[in-house]
Amino acid sequence: MSEEKRKEEEEEEALKTLEIENGLRLVPRVKLNLVIYPSTPLTLSHPIDEWKTRRALIEFLHTSLSLTLPEEDLHLTRNKNLKKRKRDDPVAAGTLRVWDLSSLPKETRFVEWRNRLVENLNAIELNLEGVKFKLAVTVPVSDDFDRMKKDWEEHSASRSRREPDTVVLRGVPSRWFAEPRVSSKPSMLVTHTIFSTFGKIRNLNVAEDNEFGKDENEGSGDLVSGLYCKIVVQFDKYKDCNDAMRVLCGRSMQKEGSRLKADYEVSWEKDDFFRNSRNEREEKKNSTVSTKPENVRARRFKKPRHLMQE
């Protein structure tokens with residue numbers, strides 16, 4: 001199969017919803033990170049109006065790009081601390097998600113369409129209450145498979161390492177990987193069943209991830225302990241790792257019967273997670289002093305003087 005044909009098939013696959021184990025499916029979508037700056041450095045007397053900014057962006061997408069975006073799919077958070085803000089600092093940041101990809105022109109490749117969307121958004125200028133703002137729009141690293149693949153190829157070449165075989169997934173709900181009616185904590189058995197969809201697994205680690213989303217929820221009090229889990233999967237073959245990464249990129253996870261779509265982060269593991277974990281266990285084992293009776297040397301006590309005289 002030619003490289004061109006393979007690319008076409010991969011891009012067609014990127015637009016499909018994929019069913020995996022345990023009632024889970026991977027739903028395709030476009031996710032973009034947005035940062036809003038003033039067109040020229042300025043000092044603001046009050047935060048920008050989030051609703052007006054959101055409406056202006058949605059209107060631009062509809063009129064200029066023929067893209068209809070529900071308001072709930074554009075999330076913005078304004079910079080409220082104007083005293084600490086410098087004149088050229090951003091005034092707001094957020095994310096844009098496109099779930100309905102059915103309107104994409106059949107002759108247009110998905111990645112090309114996404115890149116063109118980024119270019120068009122980077123070129124616009126918003127006029128809000130007489131003040132002009134510009135956008136900085138990027139594709140998240142965990143949504144850009146080609147970028148990650150290039151990154152790991154350069155990393156492997158610089159360290160003379162083998163091709164990566166380990167996937168790291170963060171931001172999926174713990175309860176989706178738990179054993180029903182047993183525990184709400186993620187289960188190794190359930191997680192192994194789910195990821196075996198992609199190939200034979202050599203090593204697996206799953207644990208609660210209380211750090212995920214901490215920055216976004218800082219000060220809100222909304223982050224619940226144990227809500228998310230972090231999964232590290234080492235495959236037997238590089239090809240299975242590669243295929244899993246490609247499938248997980250640019251998608252969100254959804255559970256059957258749930259409206260929630262989990263926006264996870266996927267990456268490849270650089271630091272020999274399982275080897276380091278084994279070394280830590282060995283070091284801990286070797287540093288533990290045995291307290292078994294047979295390993296404890298008998299302590300000799302000196303007789304009192306009055307007994308020695310006898």
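## Exercises: a helix pair and some aromatic rings

Helix α2 passes helix α3 in a right-handed crossing (right-handed means the near helix is turned clockwise from the far one by less than a right angle). This is a predicted model, where local features need pLDDT of at least 70, side-chain atom pairs count only at pLDDT 80 or more, and totals for chains, interfaces and linings use all residues. Residues are numbered from 1 along each chain as its sequence is written, and side-chain values use heavy atoms, leaving out hydrogens and water.

**Exercise 1.** Work out how α2 and α3 are oriented to each other.

*Step 1.* Take the geometry: α2 (residues 50–65) and α3 (residues 110–123) pack at about 120°, with axes 12 Å apart.

*Step 2.* Compare with the classes: under 35 degrees is roughly parallel, over 145 roughly antiparallel, 65 to 115 roughly perpendicular, and the rest oblique.

*Step 3.* The two helices, α2 and α3, are therefore oblique.

**Exercise 2.** Classify the ring pair Phe177 and Phe195.

*Step 1.* Recall the rule: rings pair if their centres lie within 6.5 Å; planes under 30 degrees apart are stacked, over 60 edge-to-face, and the rest tilted.

*Step 2.* The centres of Phe177 and Phe195 are 6.4 Å apart and the planes are at 20°, so this pair is stacked.

*Step 3.* Both Phe177 and Phe195 are buried (under 20% relative accessible area; exposed is over 50%, partly exposed in between, with a 1.4 Å probe and protein chains only).

**Exercise 3.** Decide whether Phe274 is buried or exposed.

*Solution.* Phe274 has 11% relative accessibility, so Phe274 counts as buried.

Technical notes
Axes fitted to C-alpha atoms, helices over the stretch in contact; angles between N-to-C directions. Helix = DSSP H or I, 4+ residues; strand = E, 2+ residues; numbered from the N terminus. Phe/Tyr/Trp six-rings, centres within 6.5 Å; stacked < 30°, edge-to-face > 60°.
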